[in-house]
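Colleague: I would like a close look at a single part of this model. Please take me through it step by step.

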Amino acid sequence: MTETITRYEPGEPAAAAGYVDAPPRMGFFTDTTLCIGCKACEVACKEWNQVPATGLDLLGMSYDNTGALTANSWRHVAFVETDAHWLMMSDVCKHCTRAACLDVCPTGSLFRTEFGTVVVQEDICNGCGYCIPACPYGVIDQRRDDGRAWKCTLCYDRIGAGMTPACAQACPTESIQYGPLDELRDRAQSRVQLLHDAGVPEARLYGHDPADGVGGDGAFFLLLDEPEVYGLPPDPVVTTRDLPRMWRRAGAAALVMAAVTVAAFLGGSS
Amino acid sequence: MSRDGVTVPPLNFESYYGRPIIKAPVWRWDIPAYLFTGGLAAGSALIAVGADLTGRSALRRSGRLASLAAVGASTYFLVHDLGRPARFHHMLRVAKPTSPMSVGTWILAVFGPAAGAAAVSEVGPWLPRHGLFGLARRIAPPVGRAAGVVSAAMAPALATYTGVLLADTAVPSWHEAYPWLPFLFSGSALAGAAGLNLVAAPRAEAGPLRRLVVAAAGLELAAGRRVERMGLVSDPYRTGPAGVLLRAGRALLVAGTVGALLGRRSRVVSALSGVALLASSAATRFAVFQAGLTSARDPRYTVLPQRQRLTEAAAAADN
Ligand code: SF4
Ligand code: SF4
């Protein structure tokens, strides 16, 4: 069953969500070639957002003892050691243009901000957990002792006051860059070009393309290897792309169900 | 490389220390239990209205009571599974067609009270003949019928939206199964509900149930076959704990169907068949749930189909 994937038209998510005169869409460009694995972003994020500690977890696999983005880790520095190279990458919520978490949230707790980012309202979330398996990147997560879903807010409180998100502010190498998404995309293109010219052909952008399966990420990356090497999906697609087809299938199944019931009651002598 | 006509991608790829890419659902066993009881509620509502309109009063009564009990259990499971159960009503803040859970909440909000009213109307004949109770006694049958019709009108939606609920996630073995899950679940709902009412209703009124079981089994077996033939993402349905449960569910379905047909004359055989069908429906729901968890926890099910898609897109672009 091969199907052509309908890619999304580029669009401004804040305007699509009904904001009039929205400020420019803000985002992150994380250039992994500059990352030194210091985890200042992880710490700054926890401090500013008062994210609970995860305790002392030694995973025993690398310098990475955070392991993954979770309800209690909104930045995650991945360490990849292979024979060929040693890669570091600070991962974060992608603030997707078509955000599955937001689409499926039944309470309206997840919402699109005027900056085009995706934020959970902690006073609304009832911990239904639907956003968690919906996210194609495995970002949003339930905090066990609290029951609610948590993730990066792109420091909604800070950027609203004209400040830089805590992680980008703390990053000593400018591996994490914050700014209007258009500017970041331009900057990323020239950076890739520079790296290619300097003899680093494996440099590539990830999540920058507004025509990809999620309509492009608000937080995108420059990588030096395939996405899955860093624990990223190679071709994520927002699950709700197929939702109209899913509803049609459910409608057909519902009709069949009603029809066989009618037939069972009318079609016999006993 | 082809299996069941589906190209299977190469099985080696690099992952981040073998860690999962997507997050597995944090839903506990409440959710497959809800899939099961929600299906019973829906199927029983359909059976009750069919019995009502064809003058089978004992089957009508068992259908209505089963439907109320099952929808009550469903509501309990749904609320119990929330991280913040006291905030259940936040579901009622919005109505979002992009959220199958929101759609399902509103389906339940109409179905539940209607199924409740239909079941409560069954007390009519026990009420005194005079005074206010006498009035209630007289209006109980028409009110019960109207409520039953409303619940039956919502029932197919209640039984099938849950297929969309699971499919509308990044969980590979659920998402890819979206064309078949609603059919699988409608078959499972009818089989389970027919089984429950086979146990409860007298043999004389069970004719429609036996025909219903045959149709339900056909639906479920056909949809189940398709779910097992999707290539790599079908592996979690065929192997491991989900594979065992799915096969057990199928065996019980076949046994229950044969028993329902051959056991026409025996109350005991009918009841045993009913129990087998109920168990089959539960096993199927837990199997599908478990298969999703398995596919979410192993990065290969996320990465390999996406890799293959990219390869095919690149090849198509070259041509
Ligand atoms: S990465 Fe996941 S959690 Fe973040 S906006 Fe996209 S779908 Fe939502
Ligand atoms: S867990 Fe909270 S944020 Fe996530 S979908 Fe449910 S209500 Fe929305």
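What area is buried between chain A and chain B, and what percentage of it do carbon and sulfur atoms give?

Modeller: Keep in mind that this is a predicted model. The area buried between chain A and chain B is about 6,300 Å². Carbon and sulfur atoms give 61% of that area. Three residues of chain A stand out here. Y130(A), M257(A) and F265(A) supply 13% of the area that chain A buries against chain B, more than any other three residues.

Now count residues. Chain A brings 83 residues to the contact, and chain B brings 72 residues.

The rule finds 4 salt bridges across the interface of chain A and chain B. One salt bridge joins R84(B) to D146(A). Their closest N and O atoms are 3.6 Å apart. A salt bridge needs a side-chain nitrogen of Lys or Arg within 4 Å of a carboxyl oxygen of Asp or Glu, so this pair passes.

Which elements of chain A are involved? The largest share comes from α8(A), with 16 residues. Sort that side of chain A by class, and you get 45 nonpolar, 22 polar and 16 charged residues.

In an unreviewed UniProt entry, the annotation "binding site" covers C45(A), C152(A), C155(A) and C167(A). These residues span 123 residues in sequence, yet no two of their C-alpha atoms are more than 10.5 Å apart, so they gather at one spot.

Take C45(A) from that group. C45(A) sits in helix α2 (residues 40-49) of chain A. C45(A) has a relative accessible area of 8%, and buried means under 20%, so C45(A) is buried. Leave aside its neighbours within four places in sequence. C45(A) is then in contact with Q50(A), V51(A), W74(A) and A166(A).

Now take C155(A). C155(A) lies in the loop between β7 (149-150) and α5 (156-160) of chain A. C155(A) is buried too, with a relative accessible area of 6%. Not counting residues up to four places away in sequence, C155(A) touches W48(A), N49(A), P165(A) and A166(A). Notice A166(A): it is in contact with C45(A), and C155(A) touches A166(A) as well.

Definitions and conventions:
Residues are numbered from 1 along each chain as its sequence is written. Chains are lettered from A and ligands numbered from 1 in the order in which they are written. This is a predicted model: local features need pLDDT of at least 70, side-chain atom pairs count only at pLDDT 80 or more; totals for chains, interfaces and linings use all residues. Side-chain values use heavy atoms; hydrogens and water are left out. UniProt positions are given in the numbering used here, feature names are shortened, and annotations may be inferred rather than shown by experiment. Helices (H or I, at least four residues) and strands (E, at least two) are DSSP runs, numbered from the N terminus. Buried means under 20% relative accessible area, exposed over 50%, partly exposed in between (1.4 Å probe, protein chains only). Contact means heavy atoms within 4.5 Å. Buried area is the accessible area (1.4 Å probe) that two parts lose on being put together, summed over both. Ala, Val, Leu, Ile, Met, Phe, Trp, Tyr, Cys and Pro count as nonpolar, Asp, Glu, Lys and Arg as charged, and the others, Gly among them, as polar.
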